[in-house]
Amino acid sequence: MKLPIFIVDAFTATAFRGNPAAVCLLESTLEEGAHQQIAREMNLSETAFIRKLQPTDSFAQSSCFGLRWFTPVSEVPLCGHATLASAAVLFHKIKNTNSTLTFVTMSGELKARRAEDRIVLNFPLYPACPQDFHEVEDLIKAAIGDTLVQDIRYSPDTRKLLVRLSDSYDRSFLETMKVNTKSLPGIDKTGKVRGLILTLKGEHGGQTAPYDFYSRYFAPWVGLAEDPVTGSAHTVLSSYWSQQLGKKEMRGRMSLESSLSYLLHFKLVFILICTSSLKMQ
């Protein structure tokens, strides 16, 4: 079996930086178990599978495709950087002639469009409801110890737990703090939580561009100790911070100690993920 597979470093202009994703083009239906086997062999945070919806479709000329995402251990319902990588492969490598692409996914239809040297993704917004601390206390303490927490929210649509750290902390604290993820899947026995978002209110002023919020994302439940740049977490983050700050457009930064990061511009009705930084290996 021969399948074209591309590796795309999203949110960077330098090879071997950013957040890599594998993108596989499927001319026909793939045996179900093969998706996971390929993703396991690629061993990246996500492997995306783009499939033709009709036998007569063309990767170069059609505008609507099926799209699925797999981590090395399981399928996931949504992935931002692998969707961006998929659009980049079709636009830049396959030379798709359309200005807008539609991906049919587990999370509904997602659109990617050209915007000069950028690709803009249209993603859903998911609300996060107040969460009783005592119900998730063991999980939070296992992850971040006695770090001060200001707010806790839960998104039932995405099964992500959002933990806002105290405003007394700064960006460097969030970016350098040690987070224990190994024990988390065993603590929550209900299967309620599948992802942990740590977030912090942004700092304005100074010599650097202001950010409305900072964040990090952890998903050991699906085999990802930490995902360096994840669009799916921002479907929850943008909804939360839009309400907290009363803003319809925001700038966020997600980063690790290795400084993998990206900028997002949000709209209240949907998320626009814009980037001019992509590198294909």
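**View 1. The largest pocket of the predicted model and the residues at its centre.**
The largest pocket has a volume of about 400 Å³. Its lining consists of 22 residues, and those closest to the centre are Val76, Pro77, Leu78, Thr158 and Lys160. Several secondary-structure elements contribute at least two lining residues each: strand S5 (75-76), strand S13 (213-219), strand S14 (224-227) and helix H6 (231-245). Sorted by class, the lining of the largest pocket contains ten nonpolar, seven charged and five polar residues.

**View 2. The second largest pocket and the contribution of helix H3.**
A volume of about 190 Å³ is found for the second largest pocket. Among the 13 residues that line this pocket, Glu135, Val136, Leu139, Ile187 and Asp188 are the closest to its centre. Helix H3 (residues 133-144) provides six residues, the largest share of the lining of the second largest pocket. The lining of the second largest pocket comprises six charged, four nonpolar and three polar residues.

When residues up to four places away in sequence are not counted, Ala233 touches Lys160, Ile197, Tyr217 and Met254. Of these contacts, Lys160 is also one of the residues closest to the centre of the largest pocket. Ala233 and Gly195 are separated by 38 residues in sequence, while their C-alpha atoms lie 8.4 Å apart in space.

How values were computed
Residues are numbered from 1 along each chain as its sequence is written. This is a predicted model: local features need pLDDT of at least 70, side-chain atom pairs count only at pLDDT 80 or more; totals for chains, interfaces and linings use all residues. Side-chain values use heavy atoms; hydrogens and water are left out. On a 1 Å grid over the protein atoms alone, a cavity is a set of points where a 1.4 Å probe fits but cannot get out, and a pocket is an open set with protein on both sides within 12 Å along at least five of seven lines; lining residues have an atom within 4 Å of a point. Grid points are joined across faces, edges and corners, and a volume is the space filled by probe spheres set on the points. Helices (H or I, at least four residues) and strands (E, at least two) are DSSP runs, numbered from the N terminus. Ala, Val, Leu, Ile, Met, Phe, Trp, Tyr, Cys and Pro count as nonpolar, Asp, Glu, Lys and Arg as charged, and the others, Gly among them, as polar. Contact means heavy atoms within 4.5 Å.
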